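Take a look at the model before going on.

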Amino acid sequence: MYRGTTRFKCTECAEIFKAPDIEYMATMMSVPQPCPHCGSIGTIPHSILPFSNMFNKSIYESIWKSMEERR
Ligand SMILES: [Zn+2]
């Protein structure tokens, strides 16, 4: 489901960019969008809260893994 746009942060080059916020398999997570700068899929919706960014990273690491496997 499309939820508008959100800010993502790339874990490879630290680029912050806006991209469509698409629901990841009916969860609170968003589908990671490829970085426009380096093309990496290793991106996380960027929160202003450092704690939630740390929490997200462990979740998104498993999402990236399953996305890599599907390519
Ligand atoms: Zn990047």
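The notes below cover the metal site and the salt bridges.

This is a predicted model, in which local features need pLDDT of at least 70 and side-chain atom pairs count only at pLDDT 80 or more, while totals for chains, interfaces and linings use all residues. Residues are numbered from 1 along each chain as its sequence is written, and side-chain values use heavy atoms, with hydrogens and water left out.

**Zinc site**
- Four SG atoms, from Cys 10, Cys 13, Cys 35 and Cys 38, coordinate the zinc ion at 2.3 to 2.4 Å (donors are N, O and S atoms within 2.8 Å of the metal, or 3.2 Å for Na, K and Ca).
- The site is tetrahedral, with angles of 106 to 117 degrees among the four donor atoms (four donors count as tetrahedral if all angles lie between 85 and 135 degrees).
- Along the chain, the donors follow the spacing C-x2-C-x21-C-x2-C.
- Cys 35 is buried at 4% relative accessible area, whereas Cys 38 is partly exposed at 40% (buried means under 20%, exposed over 50%, partly exposed in between, with a 1.4 Å probe and protein chains only).

**Salt bridges**
- The structure holds two salt bridges (a side-chain nitrogen of Lys or Arg within 4 Å of a carboxyl oxygen of Asp or Glu).
- One joins Arg 3 to Asp 21, at 3.3 Å from N to O.
- Arg 3 lies in strand E1 (residues 2–10) and Asp 21 in strand E2 (residues 16–22), so the pair ties together parts 18 residues apart in sequence (strands are DSSP runs of E, at least two residues; helices are runs of H or I, at least four; both are numbered from the N terminus).
- Asp 21 is buried at 11%, while Arg 3 is partly exposed at 30%.
- Lys 57 and Glu 61 also form a salt bridge, at 3.6 Å from N to O; they sit four residues apart in helix H1 (residues 50–70), separated by about one helical turn.

Technical notes
Tetrahedral: all angles 85-135°; square planar, octahedral: opposite > 155°, others 65-115°.
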